[in-house]
Amino acid sequence: MVGKVTAAGDVRYLAQFPYISMSGMAVDAQGTLYAAAGGMGAIYRLVERTGEASVFELVAGLPQPFPNGGFVDGDGATARMKLPGRLVYDGQDFYFIDAGNLAVRKMAPDGRVTSVAGGPTNTASVDGTGAAAGFSALHGLVRLAGGDFLVLDGDRWRRMTPQGQVTTLPGTVPEYARRATVAAGADAVYALREASVVRLGLDGSVRTVAGVWDAAGYDENPGTGARFNTLTGLAVLANGDLVLADTGNAVIRRITAGEGAHVAVIGRAPRNGRADGTGAAARFDQLNGSMALDAAGNLYLLDVQRENVRKVTPQGIVSTLFSGFPSQGGLAIDAAGNLYGVRNRAIVRVAPDGSQSIFAGQPGVLGFADGPALEATFARPQGLAFDLQGNLFVGDAPDITSTGWFAHTSSYKYGNTIRKITPAGVVSTFSGARGREFIFGAGTPGDLSADYHAPSVLAVDATGRVHVLDTRLGNVRRIGPEGGAPTLLAPVAGAGTTGALTAMAVRPNGEVFFTLTNSDGVTGFSRVTLFKLDAAGGAPRLVAGQAQAFRHGVRLGALPGALNFVQGLMASGDVIYALSENSVLTLREG
């Protein structure tokens, strides 16, 4: 997918590139984008169309998978190349490396390709002009301020004039510069080294400009105080500023030439941490998606790493509660303000003063026994939810162990049920068959319609119907007030709602909201969507997210907006709370 970011910070997705292997792109003086499909031996031009989808059109080469191709100069489709990439525009033509042919070539805007230096018959790094020059391992090309080019040839720096005269420079190319994006400034080349940006001076000097190579994160401090996460793109602007694609933080960063300040130009980084405060001043870390809501509309979130609970008021004020909170499963709150969590196969009650007691189950004991709460046993409690009568429902997942490295099967023991704990402290099996043991895996799917392999989220509506999100089986089901077999709600065949179910929320009237995540499997971009099922049933309806586009990051504003991976959902009145990018988002249907 190719998009455009304007100087004002507006983002627009333009077109899907025809092939997986985009190996370089450059823009001409009119702003037209050219891109190389390295693995297909071709170069394309993006044709932007007003009011309709933009498309890529073939400019040069014959698209065919590597190692096909050839070494032929010529016009447009008559030209042949192998592994073209690293396009550089010099104001008139596009220079590029033809790595499979060990040559540097150039292409006119009309598609005519001519060779500048090197060729497939000379496989050694030899100085010379035109075909007399030789390269051994081409992997980079940048244009220097004076108009010459710097060619990265294995571990050698090679200087090339526009006419194709090649000379070898002193020094060696660092290993990180051989496998990462490079860009040229006035008197230096900039390279990405893990989570840092390094300046390689033409005089042989080496200096880290920003970040620390082995310390990923997000911080906008200058110099080595900056933090980046998975840098994938780099460019130098006309004024000397650097622009970086900080993919792991879903932002585009800018480093000013004079002061070295690091600015998030586009996007909003998921800033981890734990800080109480109001609104954007608060920070969250390692939330597992478990959420609970009290009668006053306060939201409770579970921080599994620090084993505490974060409270968010309707006004957005965040505070931290407790330490050592039972954080191995879901989260629920009763009418008296007691919170409930999971530790070591038991349900633990945490009073408002922080005191803890076993509410149900026997710590460390694997089982499926019903009966008095402290005599009952569980397998792997996950989702927790109260109904209006004070009954606590527990999603009890099976205890899963692998049957061997090469068997591709697992042993499932007990669990597979939804359990109910009454206010009087009596545990019963509400849905599912207790005491089951079976092998699950390749060739042994069996009937899963009444199973609960990962009942990670439970929600109860005003009529007592229990809704279950099973993240392992990938479905949302509803159980009637009397228990028994569930009814499948999602996914719905033919409704365009395929993907990984990650979160669920239910309103008192029975309306169900759920999120789906689809990855394109290539760029790492995802399509995250929020759907709504009306209480009366029918097909799911899209509420938020882009149903057609793969992208990365949250876009705030009017619905449908855009979503990133959603860990949890909670319904409160006309608001849907969503956990995404270490933030709490609010969604309101218009």
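Biologist: Which residues does A490 touch, not counting residues up to four places away in sequence?

Modeller: A490 touches G474, N475, V476, L501 and F514, where contact means heavy atoms within 4.5 Å. Keep in mind that this is a predicted model: local features need pLDDT of at least 70, side-chain atom pairs count only at pLDDT 80 or more, and totals for chains, interfaces and linings use all residues. Residues are numbered from 1 along each chain as its sequence is written, and side-chain values use heavy atoms, with hydrogens and water left out.

Biologist: Is A490 buried or exposed?

Modeller: A490 counts as buried because its relative accessibility is 0%. Buried means under 20% relative accessible area, exposed over 50%, partly exposed in between, with a 1.4 Å probe and protein chains only.

Biologist: And which strand does A490 lie in?

Modeller: That's β46, residues 487–490. Strands here are DSSP runs of E, at least two residues, numbered from the N terminus.

Biologist: Switching topic: how do β13 and β14 pair?

Modeller: β13 (residues 149–153) and β14 (residues 156–160) are antiparallel, with five bridges; two strands pair if DSSP finds at least two bridges between them. L150 has R159 in β14 as its bridge partner.

Biologist: What about the hairpin there, which residue takes a positive phi?

Modeller: G154, near 60 degrees, in a hairpin with two residues between the strands.

Biologist: How many bridges link β14 and β15?

Modeller: Four, again antiparallel, with β15 covering residues 165–172. R158 stands opposite T168 in β15. That hairpin has four residues between the strands, and G164 takes a positive phi near 95 degrees.
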